[in-house]
Each structure stands twice: as structure tokens, then as C-alpha cells.
Amino acid sequence: WVYYESKAHIHCSVKSDHSMAAKTGGCFPGNASVLMADGRRKNVSELRAGDRVQTVDSGGRLTFSAFLTFLDREPEAVKLFHAIETRDPPRRLLLTAAHLVFVADNRTLDLGRFRPAFASEVRPGQYV
């Protein structure tokens, strides 16, 4: 289970009750990159506890937060990743089916009001 107290405070169990999450595990490929507080990019596989990575706060504003740990890390496992592509700006996000992302059907909706959805449920025309 995952409980979103806010975008800055997420509580989750290590073992998912969602059957898709239990079957697929993982989140991102190891070669996915994150933006660090110092402006560099770093592969997810290279993250260490305490690294400050770009996140979104409860109001939908970009900020930096300390990386804590991996909940599901299997560097040798072969996983199926969903590709979510954006038009403006053009970006491509690879993540497992059961990973949560924030979506909205309306571009004018305040970022703090986007709702969580599994990656496998994101549809063309939604905003992520």
C-alpha cells in the first residue's frame, strides 16, 4: 500500500498489496538519470543515501530532497518498463507498470492537485 500524506511525505509498505506491483517490482532502469542539487545528472544506479535529488513538494514546486534508500533493487533482473512520453517539453520516462506518477486531465490544474496513478494507467492526453 501507499499513502500520500502529501507529495513531500509518502508512506508505503515494502510488499505491495497490488498484484501488478508484486509481479513486476522495480521502478526505474538503473541508467535512468536524476537531477542533483549541484546541477549534475546522476544515474539512479549510482545514488547513495543522502544524495540530494530533485523532487516536488506538497505545493507542486520543484525542490531537492535527500535520497533515502532503494526499496526494490535487483541490478541483474530483467524488467518490463512502460514508456511515458511528453510533448512539451519532449521527454521520455521509463518505469515499471506499478510505479506511481502524478497525472491530471487538465493542463491548468495546479500541480499540487495532480492525482497519483499507476504508470500502466496513464493515458494519452493526460498531463504528468
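Helices (H or I, at least four residues) and strands (E, at least two) are DSSP runs, numbered from the N terminus. The model is predicted: local features need pLDDT of at least 70, side-chain atom pairs count only at pLDDT 80 or more, and totals for chains, interfaces and linings use all residues. Residues are numbered from 1 along each chain as its sequence is written, and side-chain values use heavy atoms, with hydrogens and water left out.

Of the 128 residues in the protein chain, 27% are buried; buried denotes under 20% relative accessible area, exposed over 50%, and partly exposed the range in between (1.4 Å probe, protein chains only). The protein chain exposes about 9,000 Å², of which carbon and sulfur atoms supply 53%; accessible areas come from the Shrake-Rupley method with a 1.4 Å probe, and for residues only the protein chains shown count as cover. Among contacts (heavy atoms within 4.5 Å) with a separation of 6 or more, 33% involve residues 24 or more positions apart.

Side chains of opposite charge can pair when their charged atoms come close. A search of the whole structure finds four salt bridges, each defined as a side-chain nitrogen of Lys or Arg within 4 Å of a carboxyl oxygen of Asp or Glu. One of these salt bridges joins Asp 51 and Lys 42, with the closest N and O atoms 2.8 Å apart. Lys 42 lies in strand β4 (residues 41-43). Lys 42 counts as buried because its relative accessibility is 14%, and Asp 51 likewise counts as buried, at 16%. Leaving aside neighbours within four places in sequence, Lys 42 is in contact with Ala 32, Ser 33, Val 34, Met 36, Leu 47 and Asp 51.

A further salt bridge links Arg 40 and Asp 38, where the closest N and O atoms are 2.7 Å apart. Arg 40 has a relative accessibility of 46% and therefore counts as partly exposed.

The side chains of Asp 105 and Arg 115 also meet in a salt bridge, at 3.4 Å from N to O. This pair links distant parts of the chain, 10 residues apart: Asp 105 is in the loop between β9 (100-103) and β10 (115-118), whereas Arg 115 is in strand β10. Asp 105 counts as exposed, with 54% relative accessibility, while Arg 115, at 38%, counts as partly exposed.
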